[in-house]
Amino acid sequence: FLREKPVEYYDRTGYYLGTYVTVRVGSKTISPVVLADAAMKEIARIDEKFGSRGSGTIARLNATGQADDLDQETVFLVKSALEVAENTGGAFDPTLFTLTALWGFDDADSEKRVPLDSEIASALAKTGYRRVELDENEMAVRLPEGLTLDLGGIAKGYAVDLAIARIKSLDPQATGFIDAGGDIGVIGPKYGDRPWIVGIRDPRGKSVQDVIEYIYLYDGAVATSGDYERFFIVDGIRYHHILDPKTGNPSRSGVISATVINKSAMLADAYATAAFVMGKDPGITFLPRYGTLVFLVMEDRSTFKSPGFEVYQQK
Ligand code: ADP
Ligand code: MG
Ligand code: MG
């Protein structure tokens, strides 16, 4: 009797969007190398286009303060970012680039330091998602003087969604996942219709092998925002890259890692950042209305889950 040959997985890793991106993909109809190539090309394109620095669309918009010739993709991403901002009462705010740069979290090479209160106050004055004017009909965005976009909390997830769509356009039955520095999207279930097992890192563990919980994913996405990703320590205090848009300081909600499950990697990414800032309350109870399940690890190591999260903890 016939037995199907198992799919062989092909792995590719590259450095994009300030992190290591891994694609694991298998296919019965097309070379997985071709699929991984296509995915990485898409991710490289998003990196260039939506970075706050360089010569991409967002960098140019930040430099000039306005644009009226935007393409659909840019309008969609900016609109999505503003929607998450609205839905989270501004806990997610895609206009923090001036603040991010002030703290030195804009680039691995930037000098990291604790700014003066006065510097934080003047950078804060140059933020505020409500002040972004987006005109969808005109495909235009206008930013008030000094305000700059930072899509760093959502672009990685968007890149994962797009790369997966690209792979599926070449083989709808492709299997695998994409992991962009903790923003993970499923291409298709593991060979044999089994789930991918995602380990949520212990935020204070010694290595990525230190896992605090497992989840099982057949599709959709999961993203984690943690204070261990990018930080520096001064006088025993940890300063990390997820900022509280209200104070301009690294968010101190008691959360040290926020994991979010959502259908879309873009939304998982953005809501993970938001959940980190929102904290246990209202993060856990409020975000499920947006199709978002949350798992939080707190400073004292206690953990909290949205009702329904445990569904993803059964095989
Ligand atoms: P990671 O990049 O480690 O996955 P996040 O997805 O949480 O982490 O995104 C953090 C990035 O988003 C920061 O580096 C910064 O560019 C930007 N950012 C920081 N604070 C916020 C915030 N409150 N809302 C939206 N974006 C933020
Ligand atoms: Mg995020
Ligand atoms: Mg992220």
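In this predicted model, helix 7 (residues 265–278) contributes the largest share of the shell around ligand 1, namely 4 residues; helices here are DSSP runs of H or I with at least four residues, strands are runs of E with at least two, and both are numbered from the N terminus. The ligand is surrounded by 22 residues, the closest being Gly152, Gly153, Ser225, Glu229 and Thr273, where a residue is near a molecule if its C-beta atom, placed from the backbone, lies within 6 Å of it.

Local features need pLDDT of at least 70 and side-chain atom pairs count only at pLDDT 80 or more, whereas totals for chains, interfaces and linings use all residues. Residues are numbered from 1 along each chain as its sequence is written, and chains are lettered from A and ligands numbered from 1 in the order in which they are written.

The protein is divided into domain 1 (9–47 + 152–192), domain 2 (52–142) and domain 3 (195–315), with bounds from an automatic or database domain assignment. The centres of domain 2 and domain 3, taken over C-alpha atoms, are 22 Å apart, and 20 residues of domain 2 are in contact with 17 residues of domain 3, contact meaning C-beta atoms, placed from the backbone, within 7 Å. On the domain 2 side, helix 3 (72–87), helix 4 (97–103) and helix 5 (117–124) each give two or more residues, and helix 3 gives the most, with 4 residues.

Terms used:
Two residues are in contact if their C-beta atoms, placed from the backbone, lie within 7 Å.
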